[in-house]
Amino acid sequence: MSYSDSDSSSSQAGEYKNFRQLTRERLLYEMLRSTKTGSSKSTWKVLIMDKLTVKIMSYACKMADITEEGVSLVEDIFRRRQPLPSLDAIYFIQPTKENVIMFLSDMSGKSPLYKKAFVFFSSPVSKELVGHIKKDSSVLPRIGALREMNLEFFAIDSQGFITDHERALEDLFGDEETSRKGDACLNVMASRIATVFASLREFPTVRYRAAKSLDASTMTTLRDLIPTKLAAGIWNCLAKHKQSIENFPQTETCELLILDRSVDQIAPVIHEWTYDAMCHDLLNMEGNKYVHVIPSNSGGEPETKDVLLEEHDPIWLELRHAHIADASERLHDKMTNFLSKNKAAQLQHGKRDGAELSTRDLQKMVQALPQYSEQIDKLSLHVEIARKINDLIREQGLRELGQLEQDLVFGDAGMKDVIKYLSTQEEASREGKLRLLMILATIYPEKFEGEKGQNLMKLAKLSSDDMSAVNNMRLLGPAVDAKKNAPGGFTLKFDLHKKKRGVRKEREEEAAWQLSRFYPMIEELIEKLSKGELPKEDYPCMNDPSPSFHGSTSHSSSAASSSQGQAAQSMRSRRTPTWAKPRGSDDGYSSDSVLRHSSSDFKKMGQRIFVFIVGGATRSELKVCHKLTTKLKREVILGSTSLDDPPQFITKLKLLTANELSIDDLQI
């Protein structure tokens, strides 16, 4: 079987493309377009996929892209299909026995469903299945291609992917963990992660969080060994890729850090105040789909419209990682600037006697200008979303809750403050109180032992079902070890338990966005990895990097002593938020400031850094990868088993000890 030769590695010369662009181009050009050459003269083709590969395709490409490459029809391999003997078929499928049987059933005998078949497997296919295909002499002449694409992941972002393991938390961290079930989950995960590197032609140094209890006195569980086992599985897959894939690098080209959800238990539940996180946390969106209600100009019924909040929308691209207050201000400014450049709007504005207009007033005025309808539709959409989010923040008292969450994490608040909040804030939502207690349980687990936990549950008026999520935080948390407080380590509870030390002062620019002090633990880990300061005893390496590899360069003793000096402070030390960038857009609609500079910036990038989190990643962690890409001048790509918003994560956490619940209960 052949594997096409495409220059995907970041080390290759030419225009630098981000992770999602490379995935898209492989599917469209390396797979679909390649079928147009040679003996295939049919203009239109049928694309046949299974349940997994159709998702892979939909995350990376639009239907218009697929049609442009000559696909007239997309079919499910397991559904009954109409015979189209005059058309060729492209099969993009997993290399499973069931799929191969269905393919042979389609193409064998005197009356095949299609004229010719081009078969692309999403991951390595076994010799047994290839032999099974070769046995059917009627099928062989009808095969135009039989290849491994090695692309079995969902590109959810320009710098993010998931392996579609929604049950990973339950299978690997559950109370009734079974080694066989966990190992099977990790094996598939490893294979899918390895296809990321096969796809990009990258060969990583593989670092992983070490098991914490490898001594005679403590029993090591499957949970402790998750990163270790996954690292070994990925390494085995990469070793095969080195042998089987043409032009696969033989020396290290990038870095991979494997973590699990225990590295940061707070990030999935704390309120994240960016526009992106708030949309997904508060608006009951289905994935990236938002239902936009558009008022009727004639006074009739309002119109509803499904809108995707994705990277092709320049306003979303610019604002998604901004604090919600900053995003709201920028949207108001965009509306104002748009109106100031439009004469008709200026006349209408003049009738208001110079009074300052609200964003909603501006929105109504602009909607009366039909010649700008497309521009205003997009701007109005985001104004509407921001207004709705700000209303919910006020109604649910989220500012007070958010402040307490942040103060707890930074050691500025404790148990008394939580009790006072639960006793006085009656308007607080059930979910808000639950998330507060989950943070408290991570920092002060002893406060939930015995009757103490029951008393907190009664005070917060939470059900026993809710409290199971709080109690199950222990399944994610490593045991507190006072002897081991390594810099950049994972003794999260130990570090956060310290009293406020006052070793740093609040900076003036930080005061404007008090609710954005929190940052995910991976931010520190990635920065230390990039500097070569991640301790080897806590994060061992599967392979000893080549002497010439970027990540293996030694650092000066001054850097090392600086690192040791920082270790005594809280792992979540105070820092000025850097996401609140100066506004780059100078008109009422254009939001291409990010797009304008991204391609030129990427050309100067160093080697990629990949971080994989078993058990689900958060939007705040994805934001960190975008932020550090600019700061480190290295593309940072986040991978995980799933991308979870707080409601989904809480439901999954309940599943760890609730056998009667099903994954179908998750609203994902």
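Figure 1. Met57 lies in helix α2, which spans residues 51-60, where helices (H or I, at least four residues) and strands (E, at least two) are DSSP runs numbered from the N terminus. The model is predicted, so local features need pLDDT of at least 70 and side-chain atom pairs count only at pLDDT 80 or more, whereas totals for chains, interfaces and linings use all residues. Residues are numbered from 1 along each chain as its sequence is written, and side-chain values use heavy atoms, with hydrogens and water left out. Met57 has a relative accessible area of 2% and is therefore buried, a term that means under 20% relative accessible area, with exposed meaning over 50% and partly exposed in between (1.4 Å probe, protein chains only). Leaving aside neighbours within four places in sequence, Met57 is in contact with Leu27, Met31, Leu47, Met49, Ile66 and Phe92, contact meaning heavy atoms within 4.5 Å. Thr23 is 34 residues from Met57 in sequence, and their C-alpha atoms are 9.3 Å apart in space.

**Figure 2. The aromatic cluster of Phe19, Phe153, Phe161 and Phe612.** These four residues, Phe19, Phe153, Phe161 and Phe612, form one aromatic cluster. Rings of Phe, Tyr and Trp (its six-membered ring) pair if their centres lie within 6.5 Å, and planes under 30 degrees apart count as stacked, over 60 as edge-to-face and the rest as tilted. By this rule the count comes to 11 aromatic pairs. In one of them, the ring centres of Phe19 and Phe161 are 5.7 Å apart and the planes stand at 45 degrees, so this pair is tilted. The pair links distant parts of the chain, since Phe19 is in helix α1 (residues 19-32) and Phe161 in strand β7 (residues 160-162), 142 residues apart. Phe19 and Phe161 are both buried. Phe161 also forms a tilted aromatic pair with Phe612, at 6.0 Å centre to centre and with 35 degrees between the planes. Here too distant parts of the chain are linked, with Phe161 in strand β7 and Phe612 in strand β12 (residues 606-614), 451 residues apart. Phe612 is buried, as is Phe161.

Figure 3. Helix α15 (residues 398-409) has 12 residues and reaches 16 Å from its first C-alpha to its last, close to the 16 Å expected at 1.5 Å a residue, the expected span being 1.5 Å times one less than the number of residues. The helix is mostly covered, with 9 of its 12 residues buried; among them are Leu398, Gly402, Gln406 and Asp407. The axes of α15 and helix α17 (residues 430-443) come within 10 Å and cross at roughly 5 degrees, where axes are lines fitted to C-alpha atoms, for helices over the stretch in contact, and angles run from 0 to 180 degrees between N-to-C directions. The two helices, α15 and α17, are therefore roughly parallel to each other, as angles under 35 degrees count as roughly parallel, over 145 as roughly antiparallel, 65 to 115 as roughly perpendicular and the rest as oblique. Leu401, Leu404, Glu405, Leu408 and Val409 of α15 meet Gly432, Leu436, Ile439, Leu440 and Ile443 of α17. The residues of this contact between α15 and α17 divide into 8 nonpolar, 1 polar and 1 charged, with Ala, Val, Leu, Ile, Met, Phe, Trp, Tyr, Cys and Pro counted as nonpolar, Asp, Glu, Lys and Arg as charged, and the others, Gly among them, as polar. Just after α15, Gly411 takes a positive phi of about 80 degrees.

**Figure 4. Buried residues of helix α19.** In helix α19 (residues 464-471), the buried residues are Asp466, Met467, Ser468, Ala469 and Val470. These buried residues of α19 pack against α17, α18 (451-460), α20 (473-476) and α27 (646-655).

Figure 5. Arg201, in the loop between α7 (179-200) and β8 (204-208), has a phi near 55 degrees, a positive value in a residue other than glycine. With a relative accessible area of 4%, Arg201 is buried. Asn247, in the loop between α8 (226-244) and β9 (254-260), likewise has a positive phi, near 60 degrees, but is partly exposed, with a relative accessible area of 45%. Cys541 is placed in the loop between α23 (522-531) and α24 (557-567). Leaving aside neighbours within four places in sequence, Cys541 is in contact with Thr205, Val206, Arg207 and Tyr208. The C-alpha atoms of Cys541 and Val206 are separated by 5.5 Å, although these residues are 335 apart along the chain.
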